[in-house]
Amino acid sequence: MNNKPSRVLLVEHREENARRLTSGLKQRKGVHVRELDLVRVHNVNEARVQLLVGEFDAVLVGVEAPDLAKSDLAALGDRPTGTPLLVYGAEAPEALRDEIVAAGADEYLTSGVFSQAELQLFGSCLRNTIDRSGILAELENARRYSQHLAHHDDLTGLPNARLFASRLRQLIAQARRYPRQLAVLFIDLDRFKAVNETLGSERGDRLLIDVSERLMRCLRESDTVARRSGDEFLIILDGIARTQDAARVAKKIQRELALPHVFDDREIVLDTSIGISLFPSDGEDEEALIKNADAAMNRAKVQSGSSIQFFVPKMNASTSERLELEQSLRTVIERGELALHYQPQVDLFSGKISGMEALVRWPHPEFGMIPPDKFIPMAEETGLILPLGDWVLKTACEQNKRWQDEGLPRFPVAVNLSARQFQCEKPADRIAKILHSSRLTPDSLDLELTETTVMADAEVAIDTMERMRSLGVKISIDDFGTGHSSLAYLKRFPIHRLKIDKTFVDSLLLDEKDEAITRAIIGMAKNLGLSAVAEGVESRDQLDFLRNLGCNEIQGYFVSRPLAPDDAAEFLGANADLVCALN
Ligand code: C2E
Ligand code: MG
Ligand code: MG
């Protein structure tokens with residue numbers, strides 16, 4: 001309980017009574033009790049006005065107030081719930097006292113001439129009642145809060161899975177009575193774990209709050225959005241006219257979530273996988289609908305980029321393809337299922353092959369070709385990225401060594417390192433071991449680190465990169481332009497190349513802003529003594545444009561798609577000198 005004075009509204013029409021009460025109750029006689037601060041009005045009408053404009057801890061009313069309706073104390077005005085009301089008056093028959101309490105008073109106090117003893121009794125009654133009601137109010141708040149917690153997610157304030165299920169149950173019951181279609185959307189953010197690890201959980205939390213706000217913006221008031229757990233969200237679309245309306249909302253959500261999320265100096269772009277189930281076709285109850293939307297989401301997860309899947313009954317056969325995939329990822333290396341493909345990088349001025357980027361492939365016997373941007377994040381989440389990354393490094397180094405031994409042109413093989421690999425314990429030692437065992441000279445290896453990876457903790461990154469550089473390997477910054485780099489750090493990074501992200505190359509000839517950015521990146525690379533490499537070059541026009549901007553190297557379908565090792569060897573043999581092809 002706090003000790004600030006309690007404000008009491010006194011309704012008393014007789015001057016003498018009012019005077020005695022105000023001075024008597026205000027008196028404190030050195031006892032350390034809560035002070036009472038009385039505001040006196042003459043009648044109920046005036047009290048109503050006071051209650052509208054002021055805040056009171058209690059109301060004290062003389063039963064003889066001229067306009068008091070004893071049987072309807074609510075008419076006294078709008079008191080905030082919990083504000084106690086005490087009525088005083090002459091000795092009254094029990095029936096009248098009961099009536100007054102039944103009408104909403106907390107207590108009936110018997111008063112005579114307001115003697116000292118009586119005023120003391122009044123004071124202590126008032127204080128006790130105020131304290132009790134204060135405790136009750138606090139309890140009520142705590143109860144409401146714990147109820148809110150039990151049904152809401154702490155971080156985003158959204159309903160949780162329990163509340164979601166109970167809303168869905170209600171809506172299903174309504175939809176049975178007044179037939180209409182409902183859709184359940186199961187949303188999962190791709191790579192969220194990796195973002196969380198790279199950027200730290202505080203930014204991860206802010207990202208989730210941002211996502212929940214964006215989701216709410218995409219929906220109508222009658223729709224429900226909930227956070228199920230971690231990076232999973234659930235939505236009920238109430239009363240959709242056509243199935244396609246659910247897909248339309250899902251697309252809108254993906255578009256909204258794909259807009260960059262900006263945090264301080266960083267930008268994050270999110271892909272999302274969305275599974276959809278419909279009532280009544282895909283399930284009778286809330287449990288089945290949520291389970292089937294989940295199964296559809298898992299199917300969406302194994303597809304490239306942001307994707308949307310409606311539930312189809314055969315998805316039930318494997319409750320969770322994702323789990324199965326994760327399971328099969330655990331032993332993928334032993335089973336020898338992974339393969340590396342190689343994509344040429346070409347120097348625009350000499351026309352020579354300046355590198356080959358190793359890109360991992362997983363031709364899954366059941367799910368077909370799974371793109372790396374689906375299983376690399378999975379490998380990162382499960383920690384499998386370390387053995388997988390070692391396998392990629394070892395295979396790429398051995399391959400390059402073999403090509404060199406066959407007398408093919410010499411160039412560095414470029415290998416992508418994920419954030420977790422870069423941040424693991426002594427990554428340079430792992431690389432040194434692999435270089436040693438494959439007998440590849442260090443300058444024949446180029447490590448591609450994404451901008452986000454190295455900027456996450458730039459000071460530590462510099463140290464790790466220095467260690468790698470001291471082995472003699474090269475370092476490129478991959479997907480440059482998609483994150484936020486600080487120039488001060490870039491200057492200190494011991495790197496060789498900047499790889500300009502494909503998104504800029506894509507809109508090079510269409511968007512002036514992207515053209516300006518690409519020009520600036522190329523200029524900056526020159527300034528820092530780095531080679532600028534454009535990724536994803538698909539056309540002659542793009543190539544010419546980039547060459548005019550002073551870009552040093554290109555990589556992309558225009559030169560070649562990533563190739564299986566045998567095709568790559570053939571390409572290398574036939575294109576030992578690409579000058580003609582590019583001019
Ligand atoms: P990345 O390192 O930026 O690789 C370039 C991606 O762009 C590759 O996709 C490549 O096939 C694709 N690409 C190249 N040229 C073109 C083009 O002209 N047009 C189009 N549309 N695409 C082009 P991929 O192989 O699917 O790899 C995607 C990402 O997966 C890679 O992006 C990289 O971040 C990651 N990744 C691939 N292999 C590995 C690996 O062995 N380890 C790790 N940690 N990550 C890998
Ligand atoms: Mg790369
Ligand atoms: Mg890239």
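**A tour of aromatic contacts**

Begin by selecting F122, which at 1% relative accessibility counts as buried, because anything under 20% relative accessible area falls in that class. Keep in mind throughout that the model on screen is predicted.

F114 and F122 form an aromatic pair, with 6.0 Å from centre to centre and 90 degrees between the planes, an edge-to-face arrangement.

Now extend the selection to Y88, a buried residue whose relative accessible area is 2%. The structure holds 7 aromatic pairs, and one of them joins Y88 to F114: the ring centres are 5.9 Å apart and the planes stand at 80 degrees, so this pair is edge-to-face, since planes over 60 degrees apart count as such. If you colour by secondary structure, you will find Y88 in strand β4 (residues 85–89) and F114 in the loop between β5 (107–110) and α4 (116–151), so that, at 26 residues apart, the pair links distant parts of the chain.

With these three residues displayed together, what do the ring pairs make of Y88, F114 and F122? They link Y88, F114 and F122 into a cluster.

Technical notes. Residues are numbered from 1 along each chain as its sequence is written. Chains are lettered from A and ligands numbered from 1 in the order in which they are written. This is a predicted model: local features need pLDDT of at least 70, side-chain atom pairs count only at pLDDT 80 or more; totals for chains, interfaces and linings use all residues. Side-chain values use heavy atoms; hydrogens and water are left out. Rings of Phe, Tyr and Trp (its six-membered ring) pair if their centres lie within 6.5 Å; planes under 30 degrees apart count as stacked, over 60 as edge-to-face and the rest as tilted. Helices (H or I, at least four residues) and strands (E, at least two) are DSSP runs, numbered from the N terminus. Buried means under 20% relative accessible area, exposed over 50%, partly exposed in between (1.4 Å probe, protein chains only).
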